[in-house]
Amino acid sequence: MASVKLNHIYKVYPNGVKAVNDFSMDIADKEFIVFVGPSGCGKSTTLRMIAGLEEITAGELRIGDMVVNDMEPKDRDIAMVFQNYALYPHMTVYENMAFGLKLRKMPKDQIDARVKEAARILGITEYLDRKPKAMSGGQRQRVALGRAIVREPKVFLLDEPLSNLDAKLRTAMRSEISKLHHKLQTTFIYVTHDQVEAMTMGTRIVVMKDGFVQQIDSPRNLYRFPGNKFVAGFIGTPQMNFFDGKLLKHGDKVAVTLDNTDVKLDAPASYFNKANSAYLDGSKPVVIGLRAEHISVDPKQYPFKAKCRVSHTEELGTDCQVYADFNIASEETVAESPTRVIVKAPAGSYYNVDEIIEVSLDLAHIHVFDAETENTIAPRIPQEVACDCTVANDTLSLLGNEIALPEAIKVQNGKYVVTIPTTAINLKGKIEAEVVEEEDVNGQRLVHLKVGDAILFAIADAEAKVGKKAKIGIDLKQIRLEKDGEVVVNPLAYDNALTGKLAKRKIVVEKEVKGKMKKVNDLAFSLEIAGASFECSRALALRLVNGGGQDVFNKDLEFRFTPYQVAIGEEGIAATVEKVVNYGAESFAVCKLGEKTVNVSVPDGFAETEVKLSLNADELAIIEVTRSIRLA
Ligand code: ADP
């Protein structure tokens, strides 16, 4: 039993293929994790890196408490089951299962006990004397599982173990593997390209595409809250319907229009509470998603009605899929028409080709994505909310509350739009609010706070409960102020970035050699950033060389740090203080080095003009610029 922790893991193959990018995830003990995605998305590579069969380019992998990047596969306490069972044809089932343990020189009676127990769990006791060729595909796959079970590993890795089996057997083995997980109470990591397998087996699923993790969540949450259009389309059958369209907020309604159709529906604005308001002005193109099961052929089922032209139906026995088009004017029914819609209808539904029918839509389940980035416009934890406000004499009036503006935010009197990130809202302030909803978003408690007519969001502890009053505080360094569409105040930039290099130099150290102190040659490492040199530990240098290769010393590196990870010191990077911005409780020095700006947290009353910026190499995020790989 063990947890598995992937921390900024990358894989770049020698031919330059970047198979896995910045994969980070904590897998708890006993979880059943499924990696799913189309062929070539990096699932197997990730699994093979966990197994130790593939070198990790950059990042840190832990099994239990141990960093295992450089540990041999056999020492990792994992067992892997492959698609091709790779059984030894000349050995019996018993011998196949016992083989690995024999190699490890386990006593015979112990091997016997383990093989028999595994055979019992898998229901193959009666086949122990058979050779693999006298067994069916499903039975052979069980033997392959048995060979993994007898090892009693901390982590089971399974790479498409069922894809050689026919559909019926696959379904049967699916539930057997789930049961096996339950019996063994061990961590399972399972790779498949089949979303049904992923949905039915995983406690959590990692959806991958093109080497990037798209979303990590439970099957139910992936279905309900897809974070982007790819996940929305990948999970669920038939595939979610997608339409190009626009959203326009007017009063307490949002008009949803689908391009190239007559469909225009007024939904309650409350359905869009979490939506980024920039998408609600009727001009930004969006992709609207609605699943077949959220559209009904009964026009009375939901209050939102639309007409469509039927092209054909598919009877599935349990239900019937109606293929239609919202563009009723078009005589041509094109399968890939952007206005095509699939509707789930009761079994036995019948419609004529080209019949125009009225359907109703469950807009409470609408999904909306940015037309370009394809990310949802309404993340489960909203990034920010925007509100109208006014400023008069350095006081911000917001939702009926007055907030004194700090020195850092000085603007003319007038009307503004203030954008407040969710991270900027705390419950330790003075603005009166009521908690109207609470939800668990992957372990974080999100509360919906009603202030006047507006809904704000905050991450809160268990004290904030529905129906209770709360007092909101706003971290003003995170807000943005806009006047007539122009940004007049930006949030304090949090991500400082400077470029530089890793350097090595020869040094002579005194070392004990055969009982005598001797002077020996050695290497010392440093980070050379903007004319200053910072000591780099051997461990960090090794990490940079491991990820970046021997020529990492010639490569451009980017060093990222927050205003709290840089200090004004005696030595370091020379910079000029352009100004000190004061947010009341906190002050920051805005430091210039040529074109570059670095924000530094400074004590109240700070007044220096020429400074040295000091950094701690171990605290920096270090990115190899050309290949865009995070090395540390
Ligand atoms: P999946 O398991 O999701 O189908 P893989 O992890 O096998 O995907 O592959 C991810 C990407 O890495 C693909 O583009 C594949 O072509 C590439 N790749 C896999 N193995 C190698 C290799 N040994 N050398 C170079 N490229 C590889």
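The buried residues of helix 9 are covered by elements that include strand 4 (58-63), strand 31 (496-513), strand 32 (516-529), strand 33 (532-536) and strand 40 (621-624). The model is predicted, and local features need pLDDT of at least 70, side-chain atom pairs count only at pLDDT 80 or more, and totals for chains, interfaces and linings use all residues. Residues are numbered from 1 along each chain as its sequence is written, and side-chain values use heavy atoms, with hydrogens and water left out.

Helix 9 covers residues 538-548, and its buried residues are Leu 540, Ala 541, Leu 544, Val 545, Gly 547 and Gly 548. Here buried means under 20% relative accessible area, exposed means over 50%, and partly exposed lies in between (1.4 Å probe, protein chains only). Helices (H or I, at least four residues) and strands (E, at least two) are DSSP runs, numbered from the N terminus. Gly 549 follows helix 9 and has a positive phi, near 90°.

In helix 2 (residues 93-103), the buried residues are Val 93, Asn 96, Met 97, Ala 98 and Leu 101. An α-helix has 3.6 residues a turn, so residues three or four places apart point the same way. The cover of the buried residues of helix 2 includes helix 3 (108-122) and helix 4 (137-149). Helix 2 is followed by Lys 105, with a positive phi near 60°.

The protein chain as a whole contains nine helices and 41 strands. Its C-alpha trace spans about 95 × 90 × 45 Å along the principal axes. The chain has 632 residues, of which 47% count as buried. Contact means heavy atoms within 4.5 Å; among contacts between residues at least 6 apart in sequence, 65% join residues at least 24 apart. The chain exposes about 31300 Å², and carbon and sulfur atoms supply 48% of this area. Accessible areas come from the Shrake-Rupley method with a 1.4 Å probe; for residues, only the protein chains shown count as cover.

Strands of a sheet pair through backbone hydrogen bonds, either parallel or antiparallel. Two strands are taken to pair if DSSP finds at least two bridges between them. Strand 37 (residues 587-593) and strand 38 run antiparallel and are joined by seven bridges. Phe 588 stands opposite Ser 601 in strand 38.

Two single residues complete the description. Ala 503 lies in strand 31, and this residue counts as partly exposed because its relative accessibility is 21%. Apart from neighbours within four places in sequence, Ala 503 is in contact with Ala 524, Phe 525, Ser 526, Glu 528 and Phe 553. Ala 503 and His 365 are 138 residues apart in sequence, and their C-alpha atoms are 55 Å apart in space. Asp 484 is in the loop between strand 29 (480-483) and strand 30 (486-489). With a relative accessible area of 74%, Asp 484 is exposed. Asp 484 and Lys 415 are 69 residues apart along the chain, and their C-alpha atoms are separated by 8.6 Å.
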